[in-house]
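Biologist: Please take one part of this model and look at it closely. I would like the place where the two chains meet, and what lies around it.

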Amino acid sequence: MWPVIVLLVGPVLAGLSSLVIQRARLLHAVNFTTMVALAVAETLLTRQVLADGSVTTLGTLVYVDALSDFILIIITAIGLSCSLYMWSYMDEQVARGVIAPKHLGIFFFLFHMFLFAMVAATMANSLGVQWVAVEGTTLATTFLIAFFRRKESLEAGWKYLILCSVGIALALFGVVLTYYSSVRVLGDASSALNVTELIGVADRLDPNVLKLAFLFILVGYGTKVGLVPMHTWLPDAYTEAPAPVAAMLAGVLETVAVYTVLRSKALVDQALPPQFTGNLLLTFGFVSFVVASLFILLQHNYKRLFAYSSIEHMGLAMLGFGVGGLVGTFGGLFHLLNHALAKALAFFVAGNIHRRYDSLEIDQVRGLARSQPITAVATLVAGFALIGLPPFSPFVSELLVVSALSAQNFASDTMHVGRFVAVTVSDEMRSLGLVGVFLFFGVVLFGGMMARIGAMVWGTPQDGITRGEACTVGHVPVLAMIVALVGLSVMIPESLRTLVTRAVHVIVVR
Amino acid sequence: MSESTQLGSQLVDLCSVLLLLSCFAIVAQRRLSACVDLFALQSFFLATTAALVAFLTGHRHIYVAAVLTVVIKVIVLPRILRKVIERLNVSRELVMNINIPAGLLICGGLVVVAFFITQPIIPLGYLLTRDSLALALAIILIGLFTMIARKKAVTQMVGFLVMENGVFLGTTAAAYGMPLIVELGVFFDVLVAGLIAGIYTHRLQDAFDSVDTSELTVLKE
C-alpha cells in the first residue's frame, strides 16, 4: 500500500511545492529527490506484484498487475533520467534567457502534474478514472509544449489540445459504451467500470456493444498514441516542446496511451474472437509504420525526424499486439520499453545539439563528432537503436514482432491487412507478403535515418561553433540509456522477463 | 408499459431532441456570442434531461451531475467564453471551411448515421431512455463536425463542449450516469480544459493578432 501512496502523492507534493520554491537549485533538488523516491517505491511495488500477482489497494481505486507495473517501470525510469537531464538543460536555458527564472517553478509544477496524471492513469482500477487521468495528461502537457511561447509553440500546443481533446472525447464515449454493457451484467453501478470486476464477467458482455466501444476507444486513445491518420499533432508538439518534455511525451505518454488500449483489448478479446481487435490493431499499426517511414524521408528537422520515428515505432508495437499470441505480445511490450529508452536518448541528444547549434535544421548541424564527442556517440547509438540494428535492444523486440508476423496464420473469413498485400494466395504467402512489405519499408527507414544522422555527426563544424564538451549532470542519463540499450539486447534480467511474461498473460486471455 | 413511464419516456425524448435541435442552431449560427448562448441553452436542456431521469428513476446521484452541469456548463464556461469574445475584435465568423447550408445537410446525414450505428445496441437499453443513446451519438458527431467546419478558436471550443454534452447525454441515457467519482473527474477536466482554452485564445490573439486558426500555418510539412 505504501509504495502506491508514494507514487501517487509524491508528484502532487513535488508539484505544489515547486510553485512556492524560488531558488532553481532547490527546485532541481526537490524534483530529483521525488523521482528517486518514486523509483524506490516502484521497485518495492514490483517486488510485491511479482510475489502476489497483483495489488489492489485504497479501497478498490488502485489496481496494479504485471501489465500496469511494467508500464510504471517505464514511467519512473524515464522520469528519473529526465529529472537528471533537466538539471543541466533547464539551468542553461535560464542562463541563456530563453526561460524566465520565475517560470521555472511553473514548469516543474506542470511536469509533476503530468507525471501524476500518467501514474494515475496506469494504476486506476476504474476505466472511467483512467479516462479522467489521460485527459489530465493532455491538460498538463499543452502548456509544457507551448512553454517557449513562440508563435510556433503556441500553434503546436493549441493543435495538441484540440486534437487530443477530441480524440479523448471519443474515447469517453467508448468507455460509456463499455459501462453500458457491463452495468447490465454486474448490476452494481459504482464498480461496473473496475478492471477487477470486468475481468471476471467480460465473456458475458454484449459483443455488439463491445465492438463499438473498442472502435471508439482505439480511435480516441489512438490519437494520443499518434497512430496514422490521427497523428497530425505529434510532429509539431515534439518539435516545439523543450527536449526533456519531448522525451517524456515520446517515451512515456505514448506508452501509457498504448496501455489504455491494451486494457480494453484484454476485455474485448474475452467476448469476441481476438481477430477483431487484432485486425484493427494490425491495420492501424501497418499504416502508421508505412506512412511514418515515408515521411522520415522528407524531414529536414532532426526533432521532427525523431517524432516520425515515434509514430513508426508505435505502429510496430501495434503490429506486435495485433498479431497477438505470446511471441507477438511479448515483442510488443518489450518494444515499448526499448522505444522509450531509445527515444528519450534521442530527445536528450536533440536538446544537446539544439543548445550548441541553435538550430533544429539538419543542414545547420555539421561535425558533431568534433564539437560534441559524447553527444555524437549518443546520436549514433540512438539512430542505430531506432532503426533496429544490433547490438541494441530494439533489434531484439523488432525481431520478435517480425517473427510473430511471419508465423501468423490469417483466418481467411476476416478482414485484415493481408488482403491489401496478396488477395488470392495462400495464408503463408500472405504473411510472407506482409513481412516483405514490412521489411521493404524497414530498409526505406534505414536509409532515411542513417543519411540524416550521418550528415550531422561527420564533417567539420561551422565557424563559430564551440568545440569540446564538458561533462555535466545531463550526461549521466545519456550514458545510462546507452548502457541500458546495449545491456537489454544481450540479456533481459530474470525478474523483468517474469514480469513481462505475466503482463503478456494479462493481455492474451485465450 | 405503464402510463407514467410512457409519459416520462416521452419527456426525456423531448428534452434529448431539444438538445439535438440546439446543435443544429449552433451549426447555423455565425455570431460567436450567439453560439455561446446556444451552448448554454443546450447545457440547460442537458441538465433538465438529467434531472428528469433522476426524478423518474430515483437515482439520486444524477441530481449531483445535473447541478454541476448547470454550474459549470450553463454559468461558468459560457461566461469565460463571453469574456474571451469581448476581448476579440471579431463578433461574426464570415468564412467557414464548409458553408452553413451544406453544413446543415451534412449534420442531417450524421444523425442518420448515428441512428444506423447504434441500431444493434439500442434494444439493450433501459426503456426510459432508449432513443437518447442514438441522439447522444448524433450530438457527438455534430460537435466533431463543428470543430472541423469552423475556423475560430472559440467556436472550436464550443464544438468540443458540444461533444462533451453528447457524451454526457450518452452516460445518462445508457447507464443512468457513471460512478460519481468518474463524473466529478470528467467535470473537473472539462472545466480545466475550458480555462486552458481561454488562456490560449489570449496568447494566440497576442501572438497572431487573430484567433482564426487558419492563421496557424507556421508549422507545415
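Modeller: Two residues are in contact if their C-beta atoms, placed from the backbone, lie within 7 Å. With that rule, B:Ile139 touches B:Leu19, B:Leu20, B:Cys23, B:Val162, B:Asn165, B:Gly166 and B:Leu169, leaving out residues up to four places away in sequence. This is a predicted model: local features need pLDDT of at least 70, side-chain atom pairs count only at pLDDT 80 or more, and totals for chains, interfaces and linings use all residues. Residues are numbered from 1 along each chain as its sequence is written, while chains are lettered from A and ligands numbered from 1 in the order in which they are written.

Now the meeting place. 34 residues of chain A are in contact with 35 residues of chain B. On the chain A side, α5 (127–145), α6 (151–186) and α8 (207–225) each supply at least two residues. Helices here are DSSP runs (H or I, at least four residues), numbered from the N terminus. The largest share of that side, 18 residues, comes from α6(A).

Next, the core. A nonpolar core is a set of buried Ala, Val, Leu, Ile, Met, Phe, Trp, Tyr and Cys residues joined through C-beta atoms within 7 Å. Buried means that 20 or more other C-beta atoms lie within 10 Å of a residue's own, placed from the backbone. The largest nonpolar core has 273 residues. A:Leu345 and B:Ile139 have the most contacts inside it. Again α6(A) gives the largest share, 22 residues of this core.

Conventions: Buried ≥ 20, exposed ≤ 12 C-beta atoms within 10 Å, placed from the backbone.
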